[in-house]
Amino acid sequence: MYRFNSVVFVILFSTLLFYSCDEVINPELEEASPVLVIDAWLNNAQGTQQIFITRSQPYFESVLPPGVSGATVLVSDENGKIYTFSESKPGVYVWSPVGNEVFGEVGLKYDLSVQVGTETFVSEARMGRAPVIDSITFFLVEGGQFADDQYQAEFWATDPIEPNDAYWIKTFKNSQQLLKPSEIVTAYDAGFSKGANFSGITFIAPLRTSINPFDEDDDGNIKSPYVVGDSIYVQIQAITEAGFNFLNEVRIQTDRPGGFSELFATPLANVATNISNVNSNGSKVLGFFNVGAVSGLGRKFNSLDDLTKN
Amino acid sequence: MFIRSLILFVCLAQIPALGQTKFTVSGYVKDAANGEALIGATIYIKSLLTGATTNVYGFYSLTLQSGNYDIEISYIGFNTQQRSLVLSENTRLDIELQSEEKQLDEVVVISTKDQEGVKALEMSTNRLDIKTILKIPAFLGEADVIKSIQQLPGVSTVGEGASGFNVRGGSVGQNLILLDEATVYNSSHLLGFFSVFNPDAVKDTKLYKGAIPAQFGGRIASLLDVRMKEGNNKNYEVNGGIGTIFSRAAVEGPLFKGDGSFIVAGRRSYADVLARPFVDVLQDGGALNFYDLTGKANYNINSRNRIFVSGYTGRDNFFFDKNQGFTWGNNTGTIRWNKIFNDRLFANFSGIFSRYDYSLQFGENDLDNFKWKSSIRNFTFKPSFSYFLNSNNEISFGAEVNYYSFEPANASGTSSGEKVDISLPEKYNLESALYIGNSQRLSSKISIDYGIRYSYFAGFGPGTQYIYNDTIPGRRRTPVSSEIFDQGEVTSTYQNFEPRFSFKAELNDVSSIKASYNRMAQYLHLISNTTASNPLDVWTPSSNNTKPELSDQWAIGYFRNFGKEQMFEFSVEAYYRKTQNQIDYIDGADLLINEFLEGDLLTGQGRAYGLEFYLQKKVGRFTGWIAYTLARTELKVNGINRNEWYAARFDQTHNVKVSGFYDLSKRWSASANFTLISGTPSTFPTSRFVVQNMLIPYNAQDSRNNVRLPAYHRLDVSFRLDGKTVKRNGKERKNSDYWVFGVYNLYARKNPFSIYFTQGKERVAQGAPINSEARQLSIIGTVIPAVSYNFKF
């Protein structure tokens, strides 16, 4: 139920926005020591797999966090197969395939072990499956007072019948990933949440159209997500249920459109991690470990003939 | 001969009995102009230094030795009446009081009698007369019941946009709000900017911050008892107003040739109607409005029986187009029967129906949409009795039975034409109570009030109950087993004894000390994990996983009147409230349409304590009051804030309210409000980290509410111009009207509602540095002028 909070309420209260005020400020924040961050999301796409190890920074830092060198990173599956990750740049640990191999096998459980200094951090994840994307279509939504004519994209895929699959849906427009917090799209089976029972059907409409970026131009009008000449690539990455909860928590903490949606916002809270220090009294660790299959499909918006007529 | 002696003996035997027998004088006290019962009017016997006050139906009863008495009946704003009474048998004496002529030094009322602060047994209560409510400058020129009580000590909110109000550090869902005895689940329209109470229909409001009588229960922080007018039983009367946001009209008049009366009052907002030609969004069936309609009728069957029927319906609509948007509303219907069994036993029987619903719709057509509806239906039966044992004891006893049916989600999602039902099962509960109490005068200076309430709560089937696993505190719990119940089978039960006690000792004619102790139990919980309470908050009943909330409150206060004509009233009150089974949430709690909601809830204990100062000037051209509260409210929950005490979201250390009223001339009057409240607590991050190109904030201490926002302060001013009272030809005008010109937030302060942390709105490419910023949101960041025109004929 995430999307409605930001979109619907902000529009509905546009008449009252005249009275309210949302501005940047510079509060002083408490100091804190950096904490180790292990960013390990692995999948069975062609090519190398990377694990990133960094540290947390003060909140108002403006550069990306520096990498942590000298860690030993190992991933193994329940059959004993070991994947070694070697440091290629500070903080970046890479596994390179041999020949045609890809990382992982759907259904197996994987263990992560990262040794930094004298401490070891571990995690586990079971590799889930990702459904094939059947097609991507484009359709027209006519513009109005606040928006141009919109050409939107929609992907079509069906969740497998057995329940309890979870996915992270990523979109790349012209090879650039859509990375805004509001563009973190998660699905549980074909719907939004576990309790909702949407297994075995086509992904629901709000998910199918979640692959559209909405940016404003200089006049404040909403631009069309795609124009003729753009290309789109949609990737469905399988995630564990813990990964689904993690990404939802990240979105709740980072997607802050401001304005009236703040009336419905939850307070700041730390997101959970599924990585732990083998020594429970040792240093804290942040981040997440996930293994999942991926499937993807791309399409180029060649001309207006590509539009699906409804 | 024998017969004559027998008769003489019988006659003589009566004489001593006549000298020692007590008789009761009882009846109703009403406003002579319109027949409205006066609540809290005083009937005073000077020679005995004793008296009585009328109850919420305007009824009093006084038992005295037979004899001749001079009685004085008084009520603030009315001429005091003196009568002589020969009491030789049980006497029914109904009284009508005449309203005082409007004088230049009109008294502004907080108490119903000059001395009530000092002399009345009650403490921790504030009664607001409707005339006062209409004078307090409000938002957008509209007088409002809830905005007015926020000017009292001990009452606050977290800011504009928050529904509800907080009393003595209690949360919004811990206030029992009654409209003519029907429970109101959401007292706000338009996210707290206006309340659901139409001032044209309200007669009296009383806020109990503590020392709640045994007759009431079900919430642990406060009781707001709102009583509607009965309607003018002598003449037809129309009241109304046209304002910047909404307009209102009320019609009242006699029924059955004066044996009854009715009142119907309605309001509707029209921002959407005005904006429609200009805003596309509102043209395809969009709606942005709220309305409410209140109606009441009563009939005196005879001098001992009176029937009231009242109802309320109100709704807020926010529709983007005809298929998408959300709406919420309250509907209540009440039927009450006042019965005077005899001069000492007064009873009221109420049958009440209440329904609160909210729904959300999303999706442009029938192929793809999402619909969710949630509601609470509640049937209540309340018999309550007052037995005026003698002039020193008033015993009250009665019962209450509530049946609840909760529909947490009646919902479906349709995708490509395929509909999936995601409804949650209904829950059924019974909440009932028995109470008995006595209000006793031990001497002319000392009174005590003691009582006990026994409350019982049960859940029953059909339904399923879940048992959750134990995890690290602060993490989501998942269900490990479930139990299915058939229709009528009891699932879980709770019971509590709730003793209530209060005490008053008059030190002298102008000062007194009061103390009280209350235990309250609450079986329904308002679940809200957002910054402010809003209409999508969920009410959930106690169950095997969620225990009832309990509170113990102690309060002590000193009350003093001083100055010429006792024009100043001063009080200082200290309170301490300990609460158990307070509900908080795991980080990332999922509260909407979640069958396993209870796995996301955490419980802990709370404590709230404070000191409230109050000074009021009641007489003169300039009147007003200053209220200052120094308070703290904290929670301690395993899994939050490192298991240490942390400030609650509505903990505001200093809370200063100043209200002033000044009569400039015969027709012009001015009033002003100043509010200064310490900043509310908020959680700030210390650090940030990056996972998969996502920038995530982090608090290294795992703190909750570790920082305070800047203070909130605001000045509102309004001017009122009363219409002329005589026409050009010199004749008196039958109708009256007045204009209100108001300014809200005079010096345009941008009071912060929240400070939030975000990465900024610009799109960031993969691998590029990500900027993090802090932003402050003010809901009202500027000055808002408004004008309204109000009439009565």
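**Aromatic pairs and an open sheet in a predicted model**

Good morning. I begin with chain B, where ring pairs link B:Tyr28, B:Tyr57, B:Phe59, B:Phe308, B:Phe346 and B:Phe388 into a cluster. One member of that cluster, B:Phe308, also has a charged neighbour: B:Arg336 lies over the face of the B:Phe308 ring, at 5.1 Å from its centre. A further example is B:Lys339, which lies over the face of B:Phe341, at 5.4 Å from the ring centre. Please bear in mind throughout that this is a predicted model.

Across all chains, the structure holds 64 aromatic pairs. I shall present two of them.

The pair of B:Tyr185 and B:Trp539 is edge-to-face, with 5.6 Å from centre to centre and 80 degrees between the planes. Distant parts of the chain are linked here: B:Tyr185 belongs to the loop between β13 (182-183) and β14 (188-189) of chain B, while B:Trp539 belongs to strand β35 (residues 538-541) of chain B, 354 residues apart. Are these residues buried or exposed? B:Tyr185 has 7% relative accessibility and therefore counts as buried. B:Trp539 is likewise buried, its relative accessible area being 8%.

The second pair is B:Tyr358 with B:Trp372. Their ring centres are 5.9 Å apart and their planes stand at 90 degrees, so this pair is edge-to-face. B:Tyr358 lies in strand β24 (residues 345-362) of chain B and B:Trp372 in strand β25 (residues 369-390) of chain B, 14 residues apart. B:Tyr358 is buried, because its relative accessibility is 2%, and B:Trp372 is buried at 3%.

I turn now to chain A. Its average pLDDT is 87, and 92% of the residues score at least 70. Over residues 1-15 of chain A, however, the pLDDT is below 50; this stretch has 37 contacts in the model beyond near neighbours in sequence. Where pLDDT is low, predicted coordinates should not be read in detail.

Chain A contains an open sheet of 9 strands with mixed pairing, in the order β16-β9-β8-β5-β6-β7-β3-β2-β17. Which strands form its edges? They are β16 (276-277) and β17 (285-292) of chain A, each of which pairs on one side only. Within the sheet, strand β2 (residues 36-43) of chain A runs antiparallel to strand β3 (residues 49-55) of chain A, and 5 bridges join them. In this pairing, A:Leu36 stands opposite A:Arg55 in β3(A). Helix α3 (residues 241-254) of chain A packs on the sheet and touches β2 and β17 of chain A; the helix direction makes about 130 degrees with that of β17(A).

Thank you for your attention.

Note on methods. Residues are numbered from 1 along each chain as its sequence is written. Chains are lettered from A and ligands numbered from 1 in the order in which they are written. This is a predicted model: local features need pLDDT of at least 70, side-chain atom pairs count only at pLDDT 80 or more; totals for chains, interfaces and linings use all residues. Side-chain values use heavy atoms; hydrogens and water are left out. pLDDT is the predictor's confidence in each residue, from 0 to 100. Contact means heavy atoms within 4.5 Å. Two strands pair if DSSP finds at least two bridges between them. Helices (H or I, at least four residues) and strands (E, at least two) are DSSP runs, numbered from the N terminus. Axes are lines fitted to C-alpha atoms, for helices over the stretch in contact, and angles run from 0 to 180 degrees between N-to-C directions. Rings of Phe, Tyr and Trp (its six-membered ring) pair if their centres lie within 6.5 Å; planes under 30 degrees apart count as stacked, over 60 as edge-to-face and the rest as tilted. Buried means under 20% relative accessible area, exposed over 50%, partly exposed in between (1.4 Å probe, protein chains only). A charge sits over a ring if NZ of Lys or CZ of Arg is within 6 Å of the ring centre and within 35 degrees of the ring normal.
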